Amino acid sequence: QVQLVESGGGLVETGGSLRLSCATSGRLFNVYVVAWHRQAPGQQRELVALRRRDESTVYADSVKGRFSIYRDAAKETVYLQMNNLKPEDTAVYYCAAMDYGSNGYNYWGQGTQVTVSS
C-alpha cells in the first residue's frame, strides 16, 4: 500500500501563489507516476500535472507555464508549485499515484481545498 497526504491548500488572491505538498509513504518502490488532479464543484476531476519516475512531466494546457510539479526525494514528497493563480483554479486538489503496469491510479489522497478569490 501507498499512503498519500496532501497539505498546503488555502485561500489566495488572483495572481498569488501556493505550494501543495504530497507526502508519500509505503510501498513506493513500485510507484511509476505521482500526479495532481483537481475537481471543481459540478465538474469532473481533471489531471493537472504528473511526474513519472524517470522525472518526465506532463501538464494540463490550462496550467502550463504557471504550475510546476517536482519531488524532494529526501522527504519523499511531491510538490505542486502554483503561480499566477486564477479564480478558475479553485478546486479540491488531489494527489494520486500509479503503480507500474497499472491502467489507472491506484492510490489517492484525501484532497486539499484551493480557493482563488477574484
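Some ground rules. The model is predicted, so local features need pLDDT of at least 70 and side-chain atom pairs count only at pLDDT 80 or more, while totals for chains, interfaces and linings use all residues. Residues are numbered from 1 along each chain as its sequence is written, and side-chain values use heavy atoms, with hydrogens and water left out.

Overall build, then. The protein has zero helices and 11 strands. Both are DSSP runs numbered from the N terminus: helices are H or I with at least four residues, strands are E with at least two. The radius of gyration is 14 Å, close to the 13 Å of the globule rule for 118 residues, so the protein is as compact as a globular protein of that length. That radius is taken over C-alpha atoms, and the rule is 2.2 Å times the number of residues to the power 0.38. Along the principal axes, the C-alpha atoms fill a box of roughly 40 × 30 × 25 Å.

Contacts next. Contact means heavy atoms within 4.5 Å. Of the contacts with a separation of 6 or more, 55% come from residues 24 or more positions apart. As for burial, 42% of the 118 residues count as buried. Buried is under 20% relative accessible area, exposed is over 50%, and partly exposed is in between, using a 1.4 Å probe and protein chains only.

Now the core. The largest nonpolar core has 28 residues. Such a core is a set of buried Ala, Val, Leu, Ile, Met, Phe, Trp, Tyr and Cys residues joined through side-chain atoms within 4.5 Å. W36, V48, F67, L80, M82 and Y93 have the most contacts inside it. Which strand gives the most to this core? That is β9, with four residues. Take F67 as an example. Beyond its neighbours within four places in sequence, F67 touches a set of residues including R38, V48, Y59, L80, M82 and Y93.

On to the rings. Searching the whole structure gives four aromatic pairs. Rings of Phe, Tyr and Trp (its six-membered ring) pair if their centres lie within 6.5 Å; planes under 30 degrees apart are stacked, over 60 edge-to-face, and the rest tilted. Y70 and Y79 have ring centres 5.2 Å apart and planes at 25 degrees, so they are stacked. Y70 is partly exposed at 31%; Y79 is buried at 6%.

Y94 is in strand β9 (residues 91-99) and W108 in strand β10 (residues 107-108), 14 residues apart. Y94 is buried at 14%, and W108 is partly exposed at 36%. Ring pairs join Y94, Y105 and W108 into a cluster.

What sits over the ring of Y94? The charged end of R45, 3.9 Å from the ring centre. R45 also lies over the face of W108, at 4.6 Å from the ring centre. The test here is NZ of Lys or CZ of Arg within 6 Å of the ring centre and within 35 degrees of the ring normal.

Last, two backbone points. E76 is in the loop between β7 and β8, and its phi is near 50 degrees, positive in a residue other than glycine. N84 lies in the loop between β8 and β9, with phi near 50 degrees. E76 is partly exposed at 37%, and N84 is partly exposed at 43%.
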